[in-house]
There are 2 protein chains.
Amino acid sequence: MLTQHNHAPLAAAPYRQLPLIPARSDGGSYDVIHDASSPAAGDCCAQQSSARHNWEMNYQEAAIYLQEGENNDKFFTHPKNAKALAAYLFAHNHLFYLMELSTALLLLLLSLCEAPAVPMLRLGIFVHATLELFALMVVVFELSMKMRWLGFHTFIRHKRTMVKTCVLFVQFIEAIVVLVRQTSHVRITRALRCIFLVDCRYCGAVRRNLRQIFQSLPPFIDILLLLLFFMVIFAILGFYLFSPNHSDPYFSTLENSLVNLFVLLTTSNFPDVMMPSYARNPWSCVFFIVYLSIELYFIMNLLLAVVFDTFNDIEKRKFKSLLLHKRTAIQHAYRLLITKQRPSGISFKHFEGLLRFYKPRMCTRERYLTFKALNQSNTPLLSLKDFYNFYEVVGLKWKAKRNREHWFDDLPRTAFLIFKGINILVNSRVFQYTMYTVVAVNGIWILVETFMLQGGNFFSRNVPWSYIVFLTIYGVELLLKTTGLGPVEYLSSGWNLFDFSVTLFAFLGLMALAFNMEPFYFIVVLRPLQLLRLFKLKKRYRNVLDTMFELFPRMASLGLTLLIFYYCFAIVGMEFFAGVVYPNCCNTSTVADSYRWVNHTIGNKTVVEEGYYYLNNFDNILNSFVTLFELTVVNDWYIIMEGVTSQTTHWSRLYFMIFYIVTMVVMTIIVAFILEAFVFRMNYTRKNQDSEEDNGIVLEKEISKEEVVGIIELYKRSSAAPETSQLQKIVLQMDKYGQMSTTFLGRRSRTKSDLSMKMYEEEIQEWYEEHSRKEESQAPLQESASASTSSLKPLSLRQRSQTVI
Amino acid sequence: MLTQHNHAPLAAAPYRQLPLIPARSDGGSYDVIHDASSPAAGDCCAQQSSARHNWEMNYQEAAIYLQEGENNDKFFTHPKNAKALAAYLFAHNHLFYLMELSTALLLLLLSLCEAPAVPMLRLGIFVHATLELFALMVVVFELSMKMRWLGFHTFIRHKRTMVKTCVLFVQFIEAIVVLVRQTSHVRITRALRCIFLVDCRYCGAVRRNLRQIFQSLPPFIDILLLLLFFMVIFAILGFYLFSPNHSDPYFSTLENSLVNLFVLLTTSNFPDVMMPSYARNPWSCVFFIVYLSIELYFIMNLLLAVVFDTFNDIEKRKFKSLLLHKRTAIQHAYRLLITKQRPSGISFKHFEGLLRFYKPRMCTRERYLTFKALNQSNTPLLSLKDFYNFYEVVGLKWKAKRNREHWFDDLPRTAFLIFKGINILVNSRVFQYTMYTVVAVNGIWILVETFMLQGGNFFSRNVPWSYIVFLTIYGVELLLKTTGLGPVEYLSSGWNLFDFSVTLFAFLGLMALAFNMEPFYFIVVLRPLQLLRLFKLKKRYRNVLDTMFELFPRMASLGLTLLIFYYCFAIVGMEFFAGVVYPNCCNTSTVADSYRWVNHTIGNKTVVEEGYYYLNNFDNILNSFVTLFELTVVNDWYIIMEGVTSQTTHWSRLYFMIFYIVTMVVMTIIVAFILEAFVFRMNYTRKNQDSEEDNGIVLEKEISKEEVVGIIELYKRSSAAPETSQLQKIVLQMDKYGQMSTTFLGRRSRTKSDLSMKMYEEEIQEWYEEHSRKEESQAPLQESASASTSSLKPLSLRQRSQTVI
């Protein structure tokens, strides 16, 4: 990337700045506030204000670099001039992102109201086509902003954006056609609408998942071919062996043979497919046993193994490239923040300026604490080495360390003793295990109680006394814990929060029961959730649940990815199969029973014989989703397939088979992901067995009174005059308690990246070295070692962007 | 283990020997043959023969140690005196092993003939009870031999043997009861018969698998409880939510609710269980989606992750303990083979003596080559460090390296040129790809041909000409390859062997077709297997297939383990459910349709409506096995369960549920095993990317003529006079070609252990050090470092056995 650069000695180097603004004549004069000895301190006002403007630009660009590093945006999309910057800023804030997201969602949700619509949400063609056109216009606007920011050349080189543009174009034409003709045609292209969602800023995780799925595809396809190959061989064998048996419908033709062996791959038709031949000759079971052993138990697992292996490899490479990308971003930002006088580091003034753009919501106190946490050398300047930890530190939430151990320490003696007693009680093992016992008894009680019920409407009766008793106990426990620990500490634990909400729900359920509020009866049903508390008892469960919560965001994004696939298939399914299945539709097929709906009248009783499968249709998008979920679960999916096939052509099977293979890919990835995450986590625990309790990342920093006063001074002297009230409050508090310093605790939850950092500790150093070597080799003219801080090369954006493209 | 020992300086140490034979007066005199300068060379004959006898004992004990190391037998079962040794030798040879195995198999196979017998194999009670008693007597004999060898104290401390004895006792009593009463009672204990099989020497792999399964159980059970816990919670919820719906039979009582959610866990009843409630309220699908997402897609995968992790850990620990066990065995053996004069190593004479007992079938040439391969220092003695490689080297098959490149090098010029041409042709890429094309065309041909057929009896027609054409091409290819490469080289490749056998089968099929031999028609059906050759084309497939072959023994043993579980369940199933299901048996249950067998007469046509599920019964052991396989595949297993339940009590469900959980454990282990093996293999390939071609372990050793002559001399001088003809042949051959030396190649296939050795290279050194440290700390009186060769302590068996017990 850094092939060309200005390699004049650093002392004489011009300040790195956006090329669009006039170069500062003497940039060194702008950190005067911190550096009173600077000879340039007494510059004239006009120059100073222009220079401040320049610095603001630098702060902003540095913040943009850091954001790009965080979001894994490639640097070649970095804004290159003032117009681009304005567009960039316009397109990079939560309002814009929300607009993007809501447009995409609107487009997706339109499928609820379009042609095979959900009955309650049906809209006229004119209405939904207009809505669609409106949404597409918004997308056009978004794309034009992006074009402004990227420039035409980068725009047409950015693959995802180009695909989006093409899809947009097609959609536009189709929407207009629909409006003009006032009737919907077969619009499979609607399936492409999910691209708008995938491209949203908020759906970065989905994009990553999709990329990972596509990267895992080549080995997957190889093994899939092996699978299909054996399937074909066995289909031929099966045809030869079983087609002479005329009572065997499964192997009567080669096509049947193939389809049934494909279904057998999913075990969905298992004993049935074997039965006719088994009834004739018991040894024919060998064919099926061999087939299943090879295909299902061996090759399918092989598939998982191959995907798992690829996945592991990709995860590591992804982590590596992200890490190096962040590092480069930090280097870019650093170069923008150093001054001529002090090329060895960033002063607080500039760091604060950066944070004003990077995290506008952060208060002054937190900014200073972040600076201090980064600054490990205790010099007034932040070296590049310190700055490398930027991403790890900037996410910390800072809080003053409490001097008081308990919330009631300040109360009068009697009250203190009472609360202290409660506190000791609440923290005691006896109390905890008593509560576990109560929960267990409650669990058995619920089980027995439910077992005694014989069905029917339970909620018209009175409130059972056991409910009141247990709820009272939980209420007392909640009260004791809240008073003993203090509400803040009580609610800071996830488990307590869970207890609290379950108890609250139980109470609401009691109300619902007492006042006979039918719609809330479902709350009563949540009672057994209380039992989940029992899982706190064992370490493995705590581990599992912790990991579960850590994985949750990733799982959610994988679920969303699956939903996107569902959406595509649902649209295609609706276009082809809407209204195809209905009660008694498939009487000619082999699965007729499942679609039957008959009203017998035997004697004076009406007996309804229902096959129910006609409910699994593609009549609207919600039904399609449920049907697709049933196909995902795989069991009996061939009944749905055969039903639809009997009403359409046998090519419909292709749709179902492709869907099966696609979900197989996604599901295998999900399994691989869960496997990888847990094995990783367990290896991590094994590696760090000493650090038993895991409370996330915690950093402790002490600030002395002088420091705070110094910063207040600094802010007062600077004409920007940000809010110093919070700092002054700290000083006041210190005065009140007569302390000379206050300790702050920075805290954030541990992320996968933190774990990876620790797991790959040794390798990371190698990667860094390799990375800097690569940079060096790409810059052969450079004499000094680029790994060291001082060798950072000032480099104009324009030069770099030339070398990139 | 080595807590007490004689720590006199080594030079004065008595030779290590079996305490049961008179101590040699001067053991040093027995390696005279190699060490002519020894002053004790001229000892008298009587002494020499006694000493030789002593040496023989030492060789034998060393061989026993090495065998124990190889088989992972614990050293505390080492024979302790002459009687024990005799019993040990009696019980450790293939004849005895075969007896063990056949007795166990006989006992197992008895189930074919006992009460619910396979119709064709039914035997009278008197006959099979007598057979059983006979087999049990044989087991008693085996056990008494084991007792003799182990001694009473070790015997009752050896858990597996004690369990076997108890089972034997119970079986004995039951067999006698059956004989006396002349009628079979409920004999669930027959399920324990598999213990006799598991205890067989040949079933070591099964034992290891079982151990691994049991070791993986604790974490498995933890997660299983989590699974069941959620199941109970959802069962209660489901009961509350859906039991008011009277058309929903699945949640009418809590028991139904539990059973159906258990079945839902296997997805076996999936869309059906949802349908009644879904028909009433579409939103009820949320309950099922949430349940399946949590249970099936999350916790089930968690189960796999936990088992996989435990499995990985166990594999590594197992490898470590095996490795250290072997090392200790080698140390023990080494101590028995060194002499007073030369304590720093083993001479060839003694090594040869050892091999005579360890591998009696090995020829003299191979023994010398093994010695030479081990001996890396090129001194006449084998140091302990050299000896540590014993197990890696002793398995090599030695062959003289061919001087001729091709088999036809010695032929006359014209013939040579012809064959050379064929050779070049056969090895050319064009030829290979032509053959691939032919195979592919053949494949498409078969597919199209089969597609055109419309079922029926294909084998009464004439032989199709395409069959003959393709077979001719394959025949020509086979001929060309055999002549071009030479038959030996041709058949040494697994792929060629495969080609050869498939072509042979195809030829036999042709014969069968031509002469209308009905029973062989199945051979024709194997034709498509030829297509497997196409998979040679891609590297990943070669990798996969190689790994498959490497894994095969392990997979087979896992399959056998599964069969043993099947056997237990089959016996229990037969005892309880034999004869329970039959056509039209279950008309009162919800699965009546599947068991129906009706003979309609519509018009003048007889229509048979068959549910076939009555075929899935426990009427004899073969049927039980098929039924259990169907239960393993899981799909529609609830039909079998409900059928049996409707005819017995609802407690029968317990049998099916337990079986499901057991197969889940075994299947999870199998998946974990395949995963582990493949990921390991892929990591290995990634680590050793340079060594592309993997031909197993190959060692090259050169022997000069003098050496061979020397050995022949040595043998001639020794009165044992073993066969030297082979060596003389080598000398003759060298003379013929005028060579001064011949190179031999030792070859064996790569095992998992070899791969592990390479993968854990670094860790292995640590393990060794740790191991020797532990030995040292267990021997605190010892001054010299035990890791070095010279510090090996002579130690009488009796002393050691005392310290062990």
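This is a predicted model: local features need pLDDT of at least 70, side-chain atom pairs count only at pLDDT 80 or more; totals for chains, interfaces and linings use all residues.
Local features need pLDDT of at least 70 and side-chain atom pairs count only at pLDDT 80 or more, whereas totals for chains, interfaces and linings use all residues. Residues are numbered from 1 along each chain as its sequence is written, chains are lettered from A in the order in which they are written, and side-chain values use heavy atoms, with hydrogens and water left out.

**Two helices of chain A**

Helices here are DSSP runs (H or I, at least four residues), numbered from the N terminus. The axes of helix H7 (residues 204-242) and helix H10 (residues 285-337) of chain A come within 9 Å and cross at roughly 170°, which means that H7(A) is roughly antiparallel to H10(A), a term used for angles over 145 degrees.

**The interface of chain B and chain A**

In this interface, 92 residues of chain B are in contact (heavy atoms within 4.5 Å) with 92 residues of chain A. The two chains bury about 8,900 Å² between them, 75% of it on carbon and sulfur atoms; buried area is the accessible area (1.4 Å probe) that two parts lose on being put together, summed over both. Across this interface the rule finds zero salt bridges.

The largest share of the side of chain B that touches chain A, 14 residues, comes from H7(B). The table sets out how the residues of two contact regions divide.

**A salt bridge within chain B**

The structure holds 40 salt bridges over all chains, each being a side-chain nitrogen of Lys or Arg within 4 Å of a carboxyl oxygen of Asp or Glu. One of them joins the side chains of Lys164(B) and Asp199(B) (2.8 Å, N to O).

Methods. Axes are lines fitted to C-alpha atoms, for helices over the stretch in contact, and angles run from 0 to 180 degrees between N-to-C directions. Angles under 35 degrees count as roughly parallel, over 145 as roughly antiparallel, 65 to 115 as roughly perpendicular and the rest as oblique.
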